[in-house]
Amino acid sequence: MSIFYVDGHFVPENEAVINVRDLAVLRGYGAFDYLRTYGKQPFRMAKNLERLRRTCDILEIEYPWTDDEIAHIVTETLERNVALGDSEEYSIRLVITGGMSSNNITPEGDTRLIVLVQPFTPMPAELYTDGAKIITVDLNRLFPDAKSTLYTPAILAQKRAKERGGVEALYTDRHGNILECTTSNVFAFIDDTLVTPPTADHILPGITRMTALEVASEHFDVVIRNMTLDELLSADEVFITSANKEILPIVTIDEDTIADGTVGERTQKMISAWRELTQKRATGVTV
């Protein structure tokens, strides 16, 4: 059983509770971030903490901790779980709740920090060799540049994706441009160039996206620009990125097949380069 950190205490998963009147429960008002380990060490945690703080700024959620304080709590929570010896790698979810409210809607501070460390479950291996499917949905996130706990659109989108055999759902805007998936960023190879939409104020700045851009720049021409759904459907190769999916090739969008329906050579190269990078991290090389 995993050990969580909840509002100042390390507790077994089945004893992890917060007050039901916390605004995170009553109104979905909270912030979160997610990362995973390589070699049982958090991957680029400083970037995740930077993004968590930015989310709290955007949502106007009180954030009384320093990054060092949260990093220390994450490290101790992880070490307690590693000592259980039940996994090779771990997922780490940080949650900042909205805190209590006397009228059940107006924040009054007293936010809570929750750190959930659990065994990491990788995506099925065949998705990286055969490719996966995503669908498009006519939904949009509130505060897309923040990781809010208000996830209703994403939950509905993921439900529709699962019903149609997809691993993710892709948001588009009213101009026909693609944005991002519910928990992933999107990339496409178009005429030997890797293209991905800009983050601006309407796409979450993914940490895996950022790292993938660093990896790609060593091998390919990279362009960050708006991309229409039609462009994506006619691309040579498509993949999505996230902490739990890494570099995941996409061969079907809705009922349209991308190129010849196989995982392309350039995407395979990105997967190999990513694994080389994270293997260095797993063996103690700083990345």
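Arg-51 touches Asp-33, Tyr-34, Lys-147, Leu-204, Pro-205, Gly-206 and Ile-207, leaving aside residues up to four places away in sequence; contact here means heavy atoms within 4.5 Å. The model is predicted, so local features need pLDDT of at least 70 and side-chain atom pairs count only at pLDDT 80 or more, while totals for chains, interfaces and linings use all residues. Residues are numbered from 1 along each chain as its sequence is written, and side-chain values use heavy atoms, without hydrogens and water.

Arg-51 belongs to helix 2 (residues 45–59), helices being DSSP runs of H or I with at least four residues and strands runs of E with at least two, numbered from the N terminus. Its relative accessible area is 8%, so Arg-51 is buried (under 20%, with a 1.4 Å probe and protein chains only). A polar atom of the Arg-51 side chain lies 3.1 Å from the backbone oxygen of Pro-205.

Next come the nonpolar cores, sets of buried Ala, Val, Leu, Ile, Met, Phe, Trp, Tyr and Cys residues joined through side-chain atoms within 4.5 Å. The largest has 38 residues, and those with the most contacts inside it are Val-186, Leu-232, Val-238 and Met-270. Met-270 touches Phe-189, Ala-212, Val-215, Ala-216, Phe-220, Phe-239 and Ile-247, again not counting residues up to four places away in sequence. Another core, of 25 residues, lies apart from the largest one and includes Met-45, Leu-59, Ile-61 and Leu-94.

Methods. Buried < 20%, exposed > 50% of the residue type's maximum accessible area, 1.4 Å probe, protein only. Polar contact = N/O pair within 3.5 Å; in protein donor to acceptor, adjacent residues only side chain to side chain.
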